[in-house]
Amino acid sequence: MTDADRAFFEQEITGLLDRLYGTALRLAKNRADAEDLVAETVTKAWANFGSLHDRQCFRGWLFRILTNTFLSECRKTEPASLEALAEAQGEPDEEPAFSLFDRLHQPFLLWWGNPEQEFLNKVLQQDLQKAVDALPEVFRVPVILCDLQGLNYQEIAETLGVPVGTVRSRLNRGRSQLQKALWQHAQEAGLKHAPAADKESFHISQTGEHHERH
Amino acid sequence: MSDIKEIGCEEALRRLFEYLDRELDGARHAEMEQHLHTCRACYSRAEFERHLKGKLGAVGKEPAPPEFELRIKNLLRRF
Ligand SMILES: [Zn+2]
């Protein structure tokens, strides 16, 4: 490795550290494991840097190492968890995707002037994090790689060792579940923001109220 | 550009996420854009999904705590 190689590597890692850490947090779901995961990824990436021929691909390559390091770690504890899950969830399927947009446009939600804009304004970073974290791993990983990191389907397919069609179907189902979770959260938040229902007094039995609040 | 066909809402919705993910080939991408220019319903839906995806992109970025940044700096120094 030349000094120029070293400088390139260091600069890329430093520039991508927030993204590496953010992704590791969503994969591992806790800070200690996320930090170890990034450190291990950086070490592996440096060890294999010589085999990366096209430096334009550095980012995708790095996130592939991160993901595979995470997956091999969790396979140590729960063997073949991804495949088992994929099997259990059944794929491919043609069930209609859940559309948050359509739900937001249901007529009874009149207290939200422009429902989708209102939703986008109100949804918090932590609501999105929770919804991502709640996804089963088989869908969580492709959603993280695609929507959180912007990898393309081919890169995700190579990372996971599955065909592009499988990536597409897992993304569809992952997004559908994600939107369902966000919708459930939006309903609760809508109720919580209503005058009579503060956080403490919110109960499932009150869910009927929202039909009357126009 | 003669390959571009007119598509309906059903087809546009089917392609929506692949369009936003920039996974459609040139002609299919152009057909999608053409539909979105003329269909307000699909345009609003596409804008919503685009913004949601943008917000998810921000979730993938988390400032590294200072001690951790130092750990990585020290690691890089050893290479
Ligand atoms: Zn349309």
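In this predicted model, helix 2 of chain B passes helix 3 of chain B in a left-handed crossing. To find the two elements in the structure above, look for residues 26-38 of chain B, which form helix 2, and residues 40-59 of chain B, which form helix 3. Their axes lie 6 Å apart, and the helices pack at an angle of about 110°. Because angles of 65 to 115 degrees count as roughly perpendicular, helix 2 of chain B is described as roughly perpendicular to helix 3 of chain B.

The contact itself can be followed residue by residue: from helix 2 of chain B come His35(B), Leu36(B) and Thr38(B), and these meet Arg40(B), Cys42(B), Tyr43(B) and Ala46(B) of helix 3 of chain B.

A second topic is the aromatic rings. A pair of such rings is described by the distance of the centres and the angle of the planes. Over all chains, the count comes to 14 aromatic pairs. One of them is formed by Phe49(A) and Phe58(A), whose ring centres are 6.0 Å apart and whose planes stand at 90° to each other, so that the pair is edge-to-face, a term used for planes over 60 degrees apart. Both partners are buried, since Phe49(A) has a relative accessible area of 2% and Phe58(A) has one of 1%, while buried means under 20%.

Phe49(A) and Phe58(A) also belong to a cluster linked by ring pairs, together with Phe8(A), Phe9(A), Trp46(A), Trp61(A) and, from chain B, Phe79(B).

Note on methods: Residues are numbered from 1 along each chain as its sequence is written. Chains are lettered from A and ligands numbered from 1 in the order in which they are written. This is a predicted model: local features need pLDDT of at least 70, side-chain atom pairs count only at pLDDT 80 or more; totals for chains, interfaces and linings use all residues. Side-chain values use heavy atoms; hydrogens and water are left out. Axes are lines fitted to C-alpha atoms, for helices over the stretch in contact, and angles run from 0 to 180 degrees between N-to-C directions. Helices (H or I, at least four residues) and strands (E, at least two) are DSSP runs, numbered from the N terminus. Angles under 35 degrees count as roughly parallel, over 145 as roughly antiparallel, 65 to 115 as roughly perpendicular and the rest as oblique. A crossing is left-handed if the near helix is turned anticlockwise from the far one by less than a right angle, and right-handed if clockwise. Contact means heavy atoms within 4.5 Å. Rings of Phe, Tyr and Trp (its six-membered ring) pair if their centres lie within 6.5 Å; planes under 30 degrees apart count as stacked, over 60 as edge-to-face and the rest as tilted. Buried means under 20% relative accessible area, exposed over 50%, partly exposed in between (1.4 Å probe, protein chains only).
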